Amino acid sequence: MRTVLFLVAMFGVFPAIRAQQVADFSLTNVVDGSKVSLANYSSSAGVVVIFTTNACAYDEYYRARINKLAKEQPANVPVLLVNASVDAPESAENMTKAAQKWGVSAPYLADKDQSLMQSLGATKSPQVFVLKNSGGKFTVLYSGAIDDNAQVEADVRNAYLKDAINSLLSNQKPATTEVRPVGCTIRKK
């Protein structure tokens with residue numbers, strides 16, 4: 001401990017804070033039936049994971065913003081939508097219908113065993129995780145809210161997700177690494 005304090009005092013060196021590493025997963029994309037895993041994105045700079053549902057009002061507020069983000073994202077930072085809700089309206093069949101209705105361009109993944117939800121510690125919908133790829137190993141760079149105004153996009157003052165993606169692309173640490181998400185609670189099974 002003395003050595004660490006000495007280094008901090010003398011050189012401004014801070015011990016490295018270990019970022020949460022994310023284990024690979026394999027989930028079904030309800031849009032086309034394919035299996036999706038982090039290994040699919042080993043050459044990407046990172047991945048954006050957005051927990052969402054078919055029926056939460058907060059997801060509806062963000063639906064157009066999420067679709068726009070997914071379409072405009074550079075190919076090296078793909079967006080993955082994940083539905084971990086186990087309620088009946090959130091079945092894989094209903095997810096497929098909803099994705100078609102919304103015109104989703106991103107993979108819409110069914111996490112019905114909630115393994116990815118538990119791995120990342122997701123509790124809300126929508127809740128985002130920006131994962132940074134370092135040699136095929138992914139760590140959480142940012143988690144939380146998409147921005148600071150769910151209901152009125154024009155009144156957003158802090159675009160947390162966009163800022164985190166820009167930080168990822170410029171190989172910087174985001175100014176904000178975690179913001180409490182606002183949305184519907186994802187009920188654990």
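In these legends, Ala, Val, Leu, Ile, Met, Phe, Trp, Tyr, Cys and Pro count as nonpolar, Asp, Glu, Lys and Arg as charged, and the others, Gly among them, as polar. The model is predicted: local features need pLDDT of at least 70 and side-chain atom pairs count only at pLDDT 80 or more, whereas totals for chains, interfaces and linings use all residues. Residues are numbered from 1 along each chain as its sequence is written, and side-chain values use heavy atoms, with hydrogens and water left out.

View A. One cavity of 30 Å³ or more is counted, and the largest cavity has a volume of about 30 Å³. A cavity is a set of points, on a 1 Å grid over the protein atoms alone, where a 1.4 Å probe fits but cannot get out; lining residues have an atom within 4 Å of a point. Grid points are joined across faces, edges and corners, and a volume is the space filled by probe spheres set on the points. Thr 52, Arg 63, Ile 66, Asn 67, Leu 81, Trp 102 and Val 104 line the largest cavity. By class, this lining has four nonpolar, two polar and one charged residues. Its largest share, three residues, comes from α2. Helices (H or I, at least four residues) and strands (E, at least two) are DSSP runs, numbered from the N terminus.

View B. Thr 53 lies in the loop between β4 (46-51) and α2 (57-72). The residue is buried, with a relative accessible area of 7%; buried means under 20%, exposed over 50% and partly exposed in between (1.4 Å probe, protein chains only). Not counting residues up to four places away in sequence, Thr 53 touches Asp 59, Arg 63, Asn 83, Ser 85, Glu 90, Trp 102, Tyr 108 and Ser 125 (contact means heavy atoms within 4.5 Å). The side chains of Thr 53 and Asp 59 are joined by a polar contact of 2.6 Å. A polar contact is a pair of N or O atoms within 3.5 Å; within protein, one must be able to donate a hydrogen and the other to accept it, and residues adjacent in sequence count only if both atoms are side-chain atoms.

**View C. The largest nonpolar core.** A nonpolar core is a set of buried Ala, Val, Leu, Ile, Met, Phe, Trp, Tyr and Cys residues joined through side-chain atoms within 4.5 Å. Among the 31 residues of the largest core, Val 48, Ile 50, Val 79, Leu 81, Val 130, Tyr 142 and Leu 161 touch the most other members. The largest share of this core, five residues, comes from α5. Leaving aside neighbours within four places in sequence, Leu 161 is in contact with Val 48, Ile 50, Leu 69, Val 128, Val 130, Ala 145 and Ile 146. A second, separate core of 22 residues includes Tyr 41, Leu 109, Ala 122 and Ile 186.

**View D. The second largest pocket.** This pocket has a volume of about 290 Å³; a pocket is an open set of grid points with protein on both sides within 12 Å along at least five of seven lines. Of its 16 lining residues, Arg 65, Leu 69, Ile 146, Glu 153 and Lys 162 lie nearest its centre. The helix α2 gives the most to the lining, with five residues. By class, the lining has nine nonpolar, one polar and six charged residues.
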